[in-house]
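My entries follow the order in which I checked things.

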Number of protein chains: 2
Amino acid sequence: MATIADVAKLAGLSRATVSRVINNHPYVTDKKKQLVYQAMKELEYYPNSSAQRLRKQKTDTIAVLVPNLTNPFFPFLIEGMEMIAVENHLQLLICQTQQDKDKELTFLNLLKTKQVDGLIFTAIKNDLETIASYQECGPIILCNEYQSEAKIPIIRLDQYKGSYMGTRFLIEKGHRNIAYCGGAEGELGADRQKGFMDAMKESRLEVDSKSMFRYPPSIDSGKKVLREILAMENKPTAIFAGSDEVAAGIVKEAKSFKLRIPEDIAVMGFDDLPIAELVEPSLTTIRQPVKGIGKKTMEIMISMLANPSTNIENQVYELPIELVIRESI
Amino acid sequence: MATIADVAKLAGLSRATVSRVINNHPYVTDKKKQLVYQAMKELEYYPNSSAQRLRKQKTDTIAVLVPNLTNPFFPFLIEGMEMIAVENHLQLLICQTQQDKDKELTFLNLLKTKQVDGLIFTAIKNDLETIASYQECGPIILCNEYQSEAKIPIIRLDQYKGSYMGTRFLIEKGHRNIAYCGGAEGELGADRQKGFMDAMKESRLEVDSKSMFRYPPSIDSGKKVLREILAMENKPTAIFAGSDEVAAGIVKEAKSFKLRIPEDIAVMGFDDLPIAELVEPSLTTIRQPVKGIGKKTMEIMISMLANPSTNIENQVYELPIELVIRESI
DNA sequence: CTGAAAGCGCTAACAT
DNA sequence: ATGTTAGCGCTTTCAG
C-alpha cells in the first residue's frame with residue numbers, strides 16, 4: 001500500500017504539498033496539483049483513514065444507537081438521518097443495543113475512545129446522569145425517546161398530542177371502554193399515556209388499570225394483549241396500541257378468534273409504517289414523520305459539531321403529528 | 001483527555017507496560033497490573049482507537065453492504081452476522097447502497113482507506129471484476145447475492161431448489177398458468193427463475209413471457225404485478241413472488257379487487273419474514289434461514305481474517321431451504 | 001506557494 | 001518482567 005511519502009517522492013514534492021492537495025487546501029499551483037494527482041493515480045494511493053483520524057482528532061462518524069433494526073421504525077429513522085449525514089460527509093455507525101443496558105454503555109464508550117465524534121440515542125436504558133457525563137467527549141442527542149429534565153438536546157414529537165388525538169377519535173366513535181397498550185419507556189411513554197388518560201378523563205370515562213398494558217413494540221405483544229383482553233370480564237371495545245406492530249398483532253389475533261374489526265373491537269395504531277396499510281383491515285393510526293425526525297436530529301447534530309460552544313441545555317424540538325384514518329376503527 | 005503517557009506517569013511505569021495491560025499481554029506482575037488499572041480509573045483513561053488502529057494496522061471492523069434496511073430481510077441478515085461478530089470482538093459498519101453503483105464503489109473504498117478489515121456484499125450492482133480487484137485490500141464475501149464465476153467466496157442458499165420446490169407445490173395444487181415475479185439481480189435471480197422454469201417444463205406447462213415480471217422486492221411492486229395480471233387476457237391462476245414483500249402486496253391488492261385467495265388467485269412468497277404470517281391470508285412461502293446465512297457469512301469472514309493465505313477461490317457454501325405451507329395457496 | 005519537522009497516541013521489537 | 005525506542009501515516013505549524 002502506497003503512503004503519502006511514496007506519492008510525494010514520485011511527484012517530486014513534499015508530503016506537505018501532497019497533503020494539501022488531498023485536503024483541497026488553497027495555495028497549491030495547478031501544475032503541482034496535477035503532478036500529485038498523477039502520482040496518486042499511478043500508485044493507486046488512498047489516504048489511510050486511521051492516520052487521518054489520529055492526526056485530525058476527528059472521525060467524521062456519528063454513532064446511532066437503536067434498540068434493533070427489525071422494528072421497521074428505526075430503519076426509517078436512520079434513512080432520514082443518513083440523508084442529512086451524507087450531504088455533510090458524515091458516516092453513521094449504527095449500533096443495536098438490543099435494549100441492553102451494558103451494550104448501551106459499551107457503545108457510549110465509542111465517544112471516549114474517539115471512535116465517533118457524536119452520538120445519537122433513539123432509546124435509553126441507562127439513567128440520564130450516566131449518559132450526561134459522556135457529553136464532555138462529544139455531542140449527544142436524544143431522538144424520539146426523551147426525558148425532559150435532561151441537560152441533553154432532544155428531538156421528539158408531541159406524543160401527548162398524538163395519543164390525545166387518537167383517543168378522542170376513539171371516543172367520538174362511541175367507545176367508552178378503551179384499553180391502552182404502551183411500550184415505550186421513559187417520558188415518551190408517559191406522555192403518550194397521559195394524552196390517553198387526559199382524553200378519557202375529559203369525557204369522564206373510567207380507565208380500568210387492568211386494561212393498561214405495557215409490552216415492547218412487536219407483533220407478538222399485540223397478540224398477547226388481545227388474548228389477555230379476551231380473558232377479561234369487562235372487555236374493552238377498543239384498543240389504543242403503542243405502535244403499528246402491536247396493532248397489527250392485535251388485528252391478526254383478533255381474526256384468528258373470528259372477531260370482526262372494528263365492529264367487535266377497534267384498534268388504533270401508532271407510527272404509520274407500511275405495515276399499517278398492509279393488515280386487513282388497514283390501521284387507523286397516528287402518523288409520525290419518522291424520516292423527518294431523523295433529518296432534524298442529524299441537522300442538530302451537525303450544528304453542534306460545528307459549534308461546540310453553543311449552550312444546548314435542554315432544547316426541545318417538536319415536529320407535527322397527525323391522525324390517519326383507515327379501517328380499523 | 002488522558003493519554004497512555006499520563007497513565008504511565010501516574011502509575012510510575014512505562015507506556016509499554018500500560019499498553020501490555022490494556023492488551024492483556026502476559027508477563028506483567030499482578031501488582032503493577034493493579035497499579036495500572038488504578039491509574040486508568042483515576043484518569044478516566046480510554047485508549048484512542050484511531051491510534052490503536054494506525055499502529056496495529058487493523059480496525060476490527062467489517063463493512064456490510066446492504067441495499068437498504070427498510071426491507072426487513074436485511075435487518076435479519078445483519079442480526080445473524082452481528083451475533084457472530086460480537087463474539088469475535090468485531091464491529092459492523094452497515095452501509096446502505098440504495099442500489100447505487102457509485103455508492104457501492106464509495107463503500108468499497110473503505111477497504112482501500114483501511115477503515116475496515118473486510119467487506120460483505122449482500123447485493124451487487126458493479127461487475128465482479130471491479131469488485132475482485134479490491135480483494136488485495138482485505139477479504140470480500142458475497143452473501144446471498146452471487147455470481148458463480150466469481151473468484152470471491154460466496155455464502156448462499158440453493159435458490160434453484162427453493163423456487164423449484166415452490167413451483168412444484170403450485171403445480172400439484174392444480175395450477176397450470178403460473179406467473180413469476182423475480183426481482184433479485186444476477187445469478188441469484190437467474191437461479192430462482194431457472195428453478196421455476198424447470199419445474200414448469202417438467203410438467204410440460206407453458207410459460208407466457210408476459211407472466212414473467214421483474215420488479216424490486218417491495219409491497220408496491222406486488223400491487224403493480226397484480227394489476228398487470230388482471231389486465232391480461234389469459235390470466236394466471238397463481239403467482240410465484242420473489243419475496244414476501246411482493247407477495248404481501250399482491251395479496252393486499254387482490255383483496256381490494258375483491259378477489260379471493262387462494263381460490264381466485266394463489267400466491268407463493270419467498271423468505272418467510274414476519275410479514276408472511278401477518279397478511280390475510282397468511283403466506284405459503286419458501287423459508288430462508290436468514291439469520292443462519294448471516295451467521296455463516298460472518299464465520300467465513302472471521303476465518304478469512306484469521307487465515308489470509310487460504311485460497312478461497314470460488315467457494316460456495318449452501319444452507320437448507322424449505323417450504324412453509326400456510327393459507328395463500 | 002512550498003518544505004522541514006514535530007507529533008497525534010499507541011504498540012512491538014529489542015534490550016536488559 | 002519491564003523499559004527504551006522507533007515508527008504506524010498523516011497534517012500542520014513555522015520558516016522561507
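Entry 1. I noted the rule before using it: a salt bridge is a side-chain nitrogen of Lys or Arg within 4 Å of a carboxyl oxygen of Asp or Glu. The model is predicted. I looked up Glu44(A) and found that it forms a salt bridge with Lys112(B), with the closest N and O atoms 3.8 Å apart. That pair meets the rule because the cut-off is within 4 Å. Across the interface of chain A and chain B, the rule finds 6 salt bridges.

Entry 2. I then counted polar contacts and got 12 residue pairs between chain A and chain B. On the side of chain A that touches chain B, H5(A) gives the largest share, 6 residues. By class, that side has 21 nonpolar, 13 polar and 13 charged residues.

Entry 3. How much area is buried between chain A and chain B? I read about 4200 Å², with carbon and sulfur atoms giving 55%. In chain A, Tyr46(A), Lys252(A) and Leu278(A) lose the most area to chain B, together 15% of what that side buries.

Entry 4. I searched the whole structure for cavities of 30 Å³ or more and found 3. Residues from both chains line it, among them Arg53(A), Gln91(A), Arg53(B) and Gln91(B). I sorted its lining into 3 nonpolar, 6 polar and 2 charged residues.

Entry 5. The second largest cavity has about 40 Å³ of space. Its lining includes Arg53(A), Lys58(A) and Asn48(B). I found no nonpolar residues there, but 4 polar and 3 charged.

Conventions
Residues numbered from 1 in each chain as written. Chains lettered and ligands numbered in written order. Predicted model: local features only at pLDDT ≥ 70, side-chain atom pairs only at ≥ 80, totals over all residues. Heavy atoms only, no water. Buried area = accessible area lost by both parts, 1.4 Å probe. Polar contact = N/O pair within 3.5 Å; in protein donor to acceptor, adjacent residues only side chain to side chain. Helix = DSSP H or I, 4+ residues; strand = E, 2+ residues; numbered from the N terminus. Nonpolar A, V, L, I, M, F, W, Y, C, P; charged D, E, K, R; others polar. 1 Å grid on protein atoms, 1.4 Å probe; cavity = no way out; pocket = protein on both sides within 12 Å on 5 of 7 lines; lining within 4 Å. Points joined across faces, edges and corners; volume = space filled by probe spheres on them.
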